[in-house]
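Me: Hi! Could you walk me through this one? I'd like to chat about how the pieces pack.

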Amino acid sequence: MICFDTPGPIHTDETLALALDAARQRHIDLIVTPSNTGSTAMKLADAAGPGFRIVCVSHVYGFAGRPGNDMAEETRQALIHRGVPVVTAAHALSGAERALSGMSGGVFPVEIIAHTLRMLGQGVKVAVETATMVCDAGLVQPGQRIIALGGSGSGVDTAVILRPQPSHQLMDTRIDELLAKPLAP
């Protein structure tokens, strides 16, 4: 496992290369990447070439109170045209539960799971969350070994081999290997 000294998009290219190398060595054909604007997904699609399936997970519409979606429709269509599906759905580890905790000032079980995963880093939480969302969307079979990427804000700095489950079976998700992550700040 590679541990970066700091988190952030500066590690995107190295994380993508590491994920692709691991996918080749371990015969994993599916890589899930978060991508707010589509830039990271495009980079991964460019680097991957044939033989890999890539799924992009974007922010929800209206994320952080911003109107619309962070990904331009032209970029979304370009990814789809390249064979990269874009999943846009409620975030599996916040979604409606965050609305309740915001109203009540409390913490609910799914948020506790998210905070626990953040103990390993924000990118690990994002990787598990996006893999769950892709499983919910039917683009990966439950229990299939995949590589899921994560980061915090933009780019990626985390790569995880895991076997996701749909959100209603989230606790059966298995993290097999951490390939890269930043040290905790």
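Reply: Happy to. One term to begin with: contact, or covering, means heavy atoms within 4.5 Å. Helices (H or I, at least four residues) and strands (E, at least two) are DSSP runs, numbered from the N terminus.

Me: Good. And what kind of model is it?

Reply: This is a predicted model, in which local features need pLDDT of at least 70 and side-chain atom pairs count only at pLDDT 80 or more, while totals for chains, interfaces and linings use all residues. Residues are numbered from 1 along each chain as its sequence is written, and side-chain values use heavy atoms, with hydrogens and water left out.

Me: Let's start with H2. Which residues of H2 are buried?

Reply: In H2, residues 39–48, these are Thr40, Ala41, Leu44, Ala45 and Ala48. Buried means under 20% relative accessible area, exposed over 50%, and partly exposed in between (1.4 Å probe, protein chains only).

Me: Where do those buried residues fall, seen down the axis of H2?

Reply: They fall within an arc of 135 degrees, so they line one face of the helix. The arc is taken from the directions from the helix axis to the C-beta atoms.

Me: What covers them?

Reply: The cover includes helices H1 (12–26) and H3 (73–81), along with strands E2 (30–34), E3 (53–57), E5 (146–152) and E6 (154–163).

Me: And what follows H2?

Reply: Gly49 does, with a positive phi near 70 degrees.

Me: Back to H1. At what angle do H1 and H2 pack?

Reply: About 45 degrees, with the axes 10 Å apart. That makes H1 oblique to H2. Axes here are lines fitted to C-alpha atoms, for helices over the stretch in contact, and angles run from 0 to 180 degrees between N-to-C directions. Under 35 degrees counts as roughly parallel, over 145 as roughly antiparallel, 65 to 115 as roughly perpendicular, and the rest as oblique.

Me: Which residues make that contact?

Reply: H1 brings Thr12, Asp13, Leu16, Leu20 and Arg24, and H2 brings Thr40, Lys43, Leu44, Ala47 and Ala48. By class, the contact of H1 with H2 has five nonpolar, two polar and three charged residues. Ala, Val, Leu, Ile, Met, Phe, Trp, Tyr, Cys and Pro count as nonpolar, Asp, Glu, Lys and Arg as charged, and the others, Gly among them, as polar.

Me: Now the strands. Is Thr33 buried or exposed?

Reply: Thr33, found in strand E2, is buried, at 0% relative accessibility. Not counting residues up to four places away in sequence, Thr33 touches several residues, including Thr40, Ala41 and Leu44, as well as Leu149 and Val156.

Me: New topic: where is Pro85?

Reply: Pro85 sits in the loop between H3 and strand E4 (86–87). Pro85 is partly exposed, with a relative accessible area of 28%. Leaving out residues up to four places away in sequence, it touches Ile54, Val55, Cys56 and Leu139. Pro85 and Cys56 are 29 residues apart in sequence and 6.1 Å apart in space, C-alpha to C-alpha.

Me: Last one, H5 and H6. How do their axes cross?

Reply: The axes of H5 (residues 109–118) and H6 (residues 122–136) come within 7 Å and cross at roughly 130 degrees. That makes H5 oblique to H6. Ala114, Leu117 and Arg118 in H5 meet Gln122, Val124, Lys125 and Val128 in H6. That contact has four nonpolar, one polar and two charged residues.
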